[in-house]
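The following note sets out some points on the structure shown below. Please read each point with the structure in view.

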Amino acid sequence: METQSRPLDAADALRALEQAEAVRREVAQRAVCPPHWHVAFGLLMATLIAAQAAPPLYAVGIMALWAGAFVLMLRAIRRRLGFFVNGWRRGRTLRVSIALLVYCELLLMASLWLKLSQHIGWAPLAAAALVFPGAVYGSYVWQRVYLAEMNEGPRTLAP
Amino acid sequence: MNANIPRFDPVIHAPARLQIAALLCAVSDAEFATVRDTVGVSDSVLSKHLKQMEDAGYVRLSKASLDGRVRTRLAMTKVGRRAFAAHVKALQALVSVAEYAPAAVPLVTELEAAQ
């Protein structure tokens, strides 16, 4: 392991911080997703809710297809970016993830209640129609917050 | 190790390893080739740096198959993320001290102090 040949001074520290920031800016440039990825995410979330409207056996089939689509999406992300960013990472994006989860969960619960207690069979489909734009928008917001965090100064370098 | 306490880390201090840590802390995991291209080093140099970081418990390497090819994935461990955060805080502290007191005595790394 190499050692410093001279004491570390402020100029060295600043240079090191700038190097680290440059790497994060490069990550930000790569991490910009094409619009259809956000739409695909919205469709995945909506499908998850809409599947509740189908008879149990069909719902299982839909969920199996959903899982396959999810894996394919993850693979496409890794192939294109060369890295993966978990939606539940620490940082300001976590608030967006939680907000999106709460939004989807509330709509799912409401639709299940309407279907099971009020016998409104199409309720999950209506919920899915609301989840789709919400998830697409949430995905956009998540990306915007992440990119802002990556492009910010040294204060946010430390996770 | 407390990430809130500034602490120079001799493992992360080297420019290439600092960049590797900065990249891996910004993502969940990254492919070897992506890290190599971003940091701008050769395969062998990156392997050498990763070995040091892995020995320190900062980086975790795993193999995964994608498109029929086995690829190496790199991820920062919790210990590594804390060490990076503490190191960055130490660098930030050094820069802020210099901003308020330009004639401040230069600091030394922990490694030098130990020698």
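How many residues does helix α3 of chain A have, and how far does it reach from its first C-alpha to its last? The first point takes up this question.

1. The model is predicted. In it, helix α3 of chain A covers residues 56–81 and has 26 residues. From its first C-alpha to its last, α3(A) reaches 37 Å, close to the 38 Å expected at 1.5 Å a residue. The number of buried residues among these 26 is one, so α3(A) lies largely in the open. After α3(A) comes A:G82, which has a positive phi, near 85 degrees.

2. Chain A as a whole may be considered next. Its secondary structure comes to five helices and one strand, and from the N terminus on the order of elements is α-α-α-β-α-α. The radius of gyration of chain A is 21 Å, whereas the globule rule gives 15 Å for 159 residues; chain A is therefore more spread out than a compact globule. The C-alpha trace spans about 75 × 30 × 25 Å along its principal axes. Of the 159 residues in chain A, 27% are buried. Among the contacts of chain A with a separation of 6 or more, 74% are between residues 24 or more positions apart.

3. Helix α4 of chain A, residues 93–116, has 24 residues. It reaches 34 Å from its first C-alpha to its last, close to the 34 Å expected at 1.5 Å a residue. Which residues of α4(A) are buried? They are A:T93, A:V96, A:L100, A:C104, A:L107 and A:S111. Their cover includes two helices of chain A, α2 (35–50) and α5 (123–151).

4. The loop between α4 and α5 of chain A holds A:H119. This residue is not a glycine, yet its phi is positive, at about 55 degrees. Is A:H119 buried or exposed? With 8 other C-beta atoms within 10 Å, A:H119 is exposed, because a residue counts as exposed at 12 or fewer.

5. The largest nonpolar core has 60 residues. Those that touch the most other members are A:A46, A:V131, A:A135, B:A21, B:L23 and B:L24. Helix α5(A) gives the most to this core, with 10 residues. Leaving aside residues up to four places away in sequence, A:A135 touches A:F41, A:G42, A:M45, A:A46, A:L100 and A:C104.

6. Four strands form an open sheet, in the order β1(A)-β1(B)-β3(B)-β2(B), with antiparallel pairing. The edge strands, each pairing on one side only, are β1 (83–84) of chain A and β2 (59–66) of chain B. Within chain B, two bridges join β1 (residues 29–31) to β3 (residues 69–76). The bridge partner of B:E31 in β3(B) is B:R73. Helix α2 of chain B, residues 15–26, lies across β1, β2 and β3 of chain B and runs at about 95 degrees to β3(B).

7. A last point concerns B:V45, which is found in helix α4 (residues 43–55) of chain B. B:V45 has 13 other C-beta atoms within 10 Å and is partly exposed. B:V45 and B:A16 are 29 residues apart in sequence, and their C-alpha atoms are 9.3 Å apart in space.

Notes:
Residues are numbered from 1 along each chain as its sequence is written. Chains are lettered from A and ligands numbered from 1 in the order in which they are written. This is a predicted model: local features need pLDDT of at least 70, side-chain atom pairs count only at pLDDT 80 or more; totals for chains, interfaces and linings use all residues. The expected span of a helix is 1.5 Å times one less than its number of residues. A residue is buried if 20 or more other C-beta atoms lie within 10 Å of its own, exposed if 12 or fewer, and partly exposed in between; C-beta atoms are placed from the backbone. Two residues are in contact if their C-beta atoms, placed from the backbone, lie within 7 Å. A nonpolar core is a set of buried Ala, Val, Leu, Ile, Met, Phe, Trp, Tyr and Cys residues joined through C-beta atoms within 7 Å. Two strands pair if DSSP finds at least two bridges between them. Axes are lines fitted to C-alpha atoms, for helices over the stretch in contact, and angles run from 0 to 180 degrees between N-to-C directions. The radius of gyration is taken over C-alpha atoms; the globule rule is 2.2 Å times the number of residues to the power 0.38.
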